[in-house]
Amino acid sequence: MKKFCRFILLVTLVMPGKDVMSQNSMPDTVHAVFSSMSPVFDGKLSEPLWQTATAITNFTQRELDFGKPSSERTKVAIVYDQLALYIGVWCYQQPGSIRAKYMQRDFFYSEDDNFQVALSPFNDKRNGYLFVINPNGARADLLISGNEEANQDWNGVWDARTTVTNEGWFAEIRIPFNSLQFKKDSVHNWAINFERNIRSKNEQISWQGWTRDCSIYCLANAGTLSGLAGIGYAKYFELKPFALGGFEKLKTSPTTWPGKIGGDLNVNLTPTLKMNLTANTDFAQVEADRIAINLSRFNLYYPEKREFFLEGYQNYQFNVGADNEIFYTRKIGIENFEQVPIVAGGRLFGKVGGNNIGLLNIQTAASGNALATNNTVVRYKKDIGSQSYIGGILTSKNNSAISNQVAGLDGSYTTSRFLKNKNLVITALVSKSFDKGINSNNAYAWRFFIDYPNDFIDNFIAIGSIQQDYNPELGFLERKNFDNLTWNFRIAPRWFSKLGIRRMYLKPWAFSLYRTHTTGELESFYNESRPLGFFTKSGERFEYNFQQQFERLDGSFDLTSLIKIPVGKYWMHRQSLQAGSFQGRRLWIDMIYSWGEFYTGRILSFSGSLGININKHVNLRTDYKYNDIRLPQGNAFTNELAQFFNYAFNPRLDLSLFTQWNSLDDLLFGNFRLHWIPRIGEDLYVVYNRGYDKLSNFRFSEPASSTGAAKLVWRFVF
């Protein structure tokens with residue numbers, strides 16, 4: 001075994017790939033030009049200001065032909081006035097080859113031609129913003145941190161205009177300075193990078209740092225934006241009041257007509273430190289959760305979608321392995337998928353020098369079985385070197401029934417210069433929970449991992465433990481009382497390119513082993529091996545996988561209301577086939593078929609997704625999953641269907657319909673949402689939800705719940 005591990009380590013270290021060290025081309029600095037007059041914001045780029053601005057054109061392919069110049073000419077120039085940054089983009093190509101299916105806010109940009117701007121006003125080359133546009137003027141934005149971490153649910157205040165001509169597509173992007181956080185200085189140099197994706201060729205080009213070992217999220221490889229002088233926050237306060245009215249009807253209750261007013265106040269204490277205050281908070285406009293079928297005995301993780309918690313999310317993160325989190329924002333204001341009123345709260349987050357700060361205090365009201373509760377989080381990280389940090393966290397949840405605190409320390413060494421140009425991450429953390437009236441020495445969690453996440457090889461090894469009495473009341477745990485060993489090893493050689501293969505995707509193993517901490521006995525084991533997997537140059541994919549699973553059940557668990565899985569030790573072996581077409585096409589399909597052993601019997605599973613683009617206004621997507629479970633104690637057949645429909649009138653007005661059916665939980669749910677942006681930063685939402693349960697007695701006119709709301713959000717800056 002030792003010789004085998006040495007061999008794997010040797011392969012990891014001596015396979016450098018074809019990338020050169022820094023992937024920088026000159027010029028690596030783009031100079032912003034000041035204008036006392038704001039450009040005409042129309043996406044045409046026809047003014048003399050744009051024609052005379054210094055432009056950069058040195059874009060290099062990351063895909064498909066690594067290191068070669070872009071096959072289509074791309075040009076970028078930047079100007080600014082006292083209030084905003086303007087980015088002009090020229091994307092030349094034959095208009096018939098442009099792929100742009102979407103128009104709505106937060107579109108699926110991986111399926112469209114798009115242009116991306118990564119910006120780090122902190123200039124710490126760690127944290128930043130990603131702004132994405134397509135030829136239709138659709139916008140998406142993310143908060144990025146490190147090479148792979150991104151928050152796709154954040155919505156910033158910025159705008160874009162585009163035009164399409166017989167020469168290609170062109171864009172103007174306007175980013176107000178008071179939408180960003182940056183250091184106070186007389187002259188600014190920010191990290192910036194650009195990426196263009198040409199879907200008709202599956203070509204991806206970058207301005208700087210086109211290494212395949214890092215995405216555009218990796219700001220350490222970005223270029224420089226210079227020339228910004230005398231800028232600052234012209235407006236220090238952002239007030240976003242709202243008014244809401246609606247109705248709620250439950251099957252067993254009379255109709256109620258709730259109304260609410262409230263708001264958020266954002267205060268820029270310094271250009272890099274922001275305070276959010278909220279009162280009488282409401283999240284009626286948030287998209288509905290998709291209630292997945294759960295065939296395991298563990299908790300399911302649902303992502304955060306509420307805007308108040310999304311900005312600056314990286315300032316509060318503390319992960320203890322997999323989806324286990326010390327702070328899980330959905331523990332505040334949500335109980336069993338139902339909203340709990342937030343009375344008031346505040347957050348303070350940002351940077352002071354090399355210090356990353358995240359403070360939060362929120363008071364929730366009593367509602368149903370939920371008690372009035374105070375929730376507090378303090379998170380701190382100190383920058384070390386160019387990409388590393390040390391830090392700590394403290395969380396506290398207090399009400400009349402519980403008093404729970406959790407403390408943690410962590411540190412990470414991260415570099416994208418290992419062996420000259422490779423990524424390496426080494427992280428360690430420890431945490432302890434404290435509950436009033438309970439004195440336990442068995443309430444610790446710890447983890448240590450080494451990750452080598454690169455294009456040719458991704459090698460991740462982790463060890464950790466979450467003890468029996470560890471209890472993060474503001475966090476999320478899939479399980480506890482375990483010791484864990486995880487080792488994922490993936491190789492992705494670029495073989496058979498003459499046969500149309502872009503990249504092989506092979507996985508000798510990816511296993512996770514769980515041992516019960518208090519007894520040392522094997523509890524769970526899961527491994528997936530992929531002897532064959534590849535992506536084609538045209539965007540298709542294929543996988544053939546083997547899965548091995550072990551579960552020790554010390555107690556039976558309910559698979560369905562009629563079927564129990566009995567106590568025992570179970571080894572299960574399964575296989576799966578996966579195939580998918582390129583999702584940049586107007587019609588695409590993705591399928592997974594798996595079969596094999598399942599506890600005392602067998603399981604056959606099928607899942608598929610179908611996407612249909614009618615035109616830039618109309619898009620549909622259907623997701624379906626079916627399980628056929630045959631056990632001695634009974635058979636079970638589950639269906640999970642999700643149907644998405646979106647009609648975008650223009651980039652500021654769209655309506656969406658989401659319908660889901662879950663046969664295991666016996667529910668049918670529909671969500672209608674109209675979203676209008678009258679001005680950037682202001683929103684009108686009209687939402688209607690209708691839900692059914694006990695579908696054997698289904699009557700369309702008698703839903704289990706029916707709710708509707710209209711919410712208007714204003715924005716004032718001063």
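Strands S27 (444-453) and S28 (457-466) each supply at least two residues of a nonpolar surface patch. The model is predicted. S27 gives the most to this patch, with four residues. The patch consists of Leu-409, Val-430, Tyr-444, Trp-446, Phe-448, Ile-450, Ile-461, Ile-463 and Leu-485. Together these residues have about 720 Å² of accessible area.

Take Phe-448 as a way in. Phe-448 lies in strand S27. Its relative accessible area is 34%, so Phe-448 counts as partly exposed. Patch members need over 30% relative accessible area, and Phe-448 has 34%. In a regular strand, side chains alternate between the two faces of the sheet.

Now look at the neighbours of S27. On one pairing, S26 (residues 422-435) runs antiparallel to S27, and eight bridges join them. Ala-428 stands opposite Phe-448 in this arrangement. S27 also pairs with S28, again in the antiparallel sense, over nine bridges. There, Arg-447 has Gly-464 in S28 as its bridge partner. S27 and S28 form a hairpin, with three residues between them.

Next come the charged contacts. The structure holds 35 salt bridges. One of them joins the side chains of Arg-379 and Asp-410, at 2.8 Å from N to O. This pair links distant parts of the chain. Arg-379 sits in strand S23 (residues 373-384), Asp-410 in strand S25 (residues 403-418), and 31 residues separate them. Are the two partners buried or exposed? Arg-379 is buried, because its relative accessibility is 2%. Asp-410 is buried too, at 10%. The cut-off for buried is under 20% relative accessible area.

The side chains of Asp-458 and Arg-490 meet at 3.9 Å, N to O. This pair also links distant parts of the chain: Asp-458 is in strand S28 and Arg-490 in strand S29 (residues 482-491), 32 residues apart. Asp-458 is partly exposed, because its relative accessibility is 23%. Arg-490 is buried, with a value of 11%.

Key: Residues are numbered from 1 along each chain as its sequence is written. This is a predicted model: local features need pLDDT of at least 70, side-chain atom pairs count only at pLDDT 80 or more; totals for chains, interfaces and linings use all residues. Side-chain values use heavy atoms; hydrogens and water are left out. Patches are made of residues with over 30% relative accessible area and no salt bridge: like charges are joined within 9 Å, nonpolar side chains (Val, Leu, Ile, Met, Phe, Trp, Tyr) within 5 Å. Accessible areas come from the Shrake-Rupley method with a 1.4 Å probe; for residues, only the protein chains shown count as cover. A salt bridge is a side-chain nitrogen of Lys or Arg within 4 Å of a carboxyl oxygen of Asp or Glu. Buried means under 20% relative accessible area, exposed over 50%, partly exposed in between (1.4 Å probe, protein chains only). Two strands pair if DSSP finds at least two bridges between them.
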